[in-house]
Amino acid sequence: MSKKLSLSRRTLLRGAGALMALPLLERMVPGTARAAEALPTARRLAVFYVPNGIHMQKWTPTGTGATWELTPSLQPLAPVKSDVLVISGLANDSGRPDGDGHHAAGTAALLSCTKAFKTEGTDFHAGISMDQVIANHLAQQKATRYPSLELGNDAGRGIGNCDSGYACPYANNISWAGPRTPMAKEARPKAVFDRLFAGVDPGTTQAQIEKRRAYGLSIIDFVREDATTLQKQLGATDRRKLDEYFTSVRDLEKQMEALGQQGITCGSQVAPSEDEDPRTKTKAMMDLIVLAFQCDLTRVATFMMANARSNKVYGFLGLSGGHHAYSHHQYVQSNYDALARIDRWEVEQYAYLVRRLKESQDGPGASLLDSSLVYFTSEVEDGNAHIHRNLPVLLAGKGGGAVGTDRHLRAPGMPIANLYISMMRAMGVPNVTTFGADGTGELAGLGG
């Protein structure tokens with residue numbers, strides 16, 4: 001970094017073969033007097049997917065509009081209630097399978113609203129997902145280092161049958177760059193961290209990289225000299241913000257260490273072990289999304305809590321059965337109770353992401369959440385009936401003013417593709433009037 005201070009959103013700290021991105025600092029905004037005009041106009045999208053549907057009886061608010069109240073499953077949203085919109089009644093008819101296979105077919109169509117071709121082979125065929133439409137638009141502007149991030153807790157199988165004749169790529173991916181191109185997610189937080197924040201200087205040799213890893217030190221230690229030079233030239237507010245950012249990065253590194261993750265090497269494709277604690281892993285992934293947005297490394301991120309039809313056992317919730325098995329509740333109260341416990345925990349993780357974004361600054365007087373859309377959904381409404389209508393939908397953040405929050409919006413029978421058209425338009429994609437198999441225009445009432 002030059003001794004003469006010149007900061008842009010793409011300024012990097014360097015040291016010992018490492019690169020580290022910076023958060024938005026006041027010094028990056030050109031002039032205090034022009035701060036209002038220089039506010040970032042970036043929009044951001046985060047998608048939070050959960051498998052197997054929701055126990056809707058404990059999910060759906062009774063009131064509509066601004067009179068809505070939090071239900072038991074939505075109670076974790078209390079601290080961010082004013083920032084959330086609940087939408088009921090949306091349908092994704094393209095998620096209905098040919099025969100059985102509702103989970104994989106629904107997941108393949110989750111963000112594309114395009115019916116998946118039923119196959120167990122490599123001739124799978126779906127549609128481009130709305131997050132990738134947005135990522136493609138942003139890539140043309142060269143707005144960020146990474147057009148999008150695809151994250152999840154489980155890697156899953158790459159080939160074969162994963163749900164009643166539907167190939168595994170359908171069950172393992174919600175993000176699709178095209179009909180034949182699923183965007184494989186990264187399920188190792190340490191690999192994501194290294195990719196985002198422990199970048200390697202192009203001039204660094206492999207020996208230097210291995211030496212740095214062998215020390216086991218923080219990335220902050222390697223860029224400290226550059227950081228010290230920078231801090232001397234910053235005002236008090238920016239110094240405090242940089243200290244908070246370094247603390248967040250170091251806390252995230254400690255999470256990586258707690259997970260026992262190893263550094264990524266070429267050719268290393270090791271799936272996470274079955275006993276990885278989803279609490280620790282999910283929190284790490286949420287923190288990674290927040291920091292990636294904060295540093296403007298990407299503006300589009302998707303996260304899969306688990307793959308479609310997941311039968312994960314959440315023992316820490318006091319449950320002994322698998323999630324998918326509980327979702328086939330057969331109207332048994334004990335199964336309902338187990339599902340409600342899982343649903344509430346999933347909403348807690350979503351609420352954590354929303355809260356972190358709300359606490360993160362994005363220019364003078366604005367938070368990351370103000371400019372973001374944070375979307376929560378599942379591939380089916382009810383895991384027993386396999387219904388692809390009245391899907392569970394949460395949308396947090398205002399997307400720069402496109403969304404009216406602290407409401408419950410009913411849109412019975414409306415295609416979820418219309419919501420996606422509105423979201424794509426809010427993210428700056430121009431001239432979107434149709435999408436998927438049934439998207440006909442923007443969703444009425446989204447702005448309040």
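What is the relative accessible area of K115, and is K115 counted as buried, partly exposed or exposed?

Guide: Please keep in mind that this is a predicted model, in which local features need pLDDT of at least 70 and side-chain atom pairs count only at pLDDT 80 or more, while totals for chains, interfaces and linings use all residues. Residues are numbered from 1 along each chain as its sequence is written, and side-chain values use heavy atoms, with hydrogens and water left out.

K115 has a relative accessible area of 38%, and so counts as partly exposed (buried means under 20%, exposed over 50%, and partly exposed in between, with a 1.4 Å probe and protein chains only). D98, with a relative accessible area of 41%, is also partly exposed. Side chains of opposite charge can pair when their charged atoms come close. The side chains of D98 and K115 form a salt bridge at 3.4 Å, N to O (a salt bridge being a side-chain nitrogen of Lys or Arg within 4 Å of a carboxyl oxygen of Asp or Glu). This pair links distant parts of the chain, 17 residues apart, since D98 sits in the loop between strand 4 and helix 1, whereas K115 sits in the loop between helix 1 and helix 2 (helices, H or I and at least four residues, and strands, E and at least two, are DSSP runs numbered from the N terminus).

The structure holds 16 salt bridges, and one of them joins the side chains of D93 and R389 at 2.8 Å, N to O. D93 is partly exposed, with a relative accessible area of 23%, and R389 is partly exposed at 41%.

Another salt bridge joins R425 and E442, whose closest N and O atoms are 3.8 Å apart. Because R425 lies in helix 12 and E442 in the segment after helix 12, the pair ties together parts that are 17 residues apart in sequence. R425 is partly exposed, with a relative accessible area of 37%, and E442 is partly exposed at 45%. Finally, D83, K358 and K398 are linked in a network of salt bridges.
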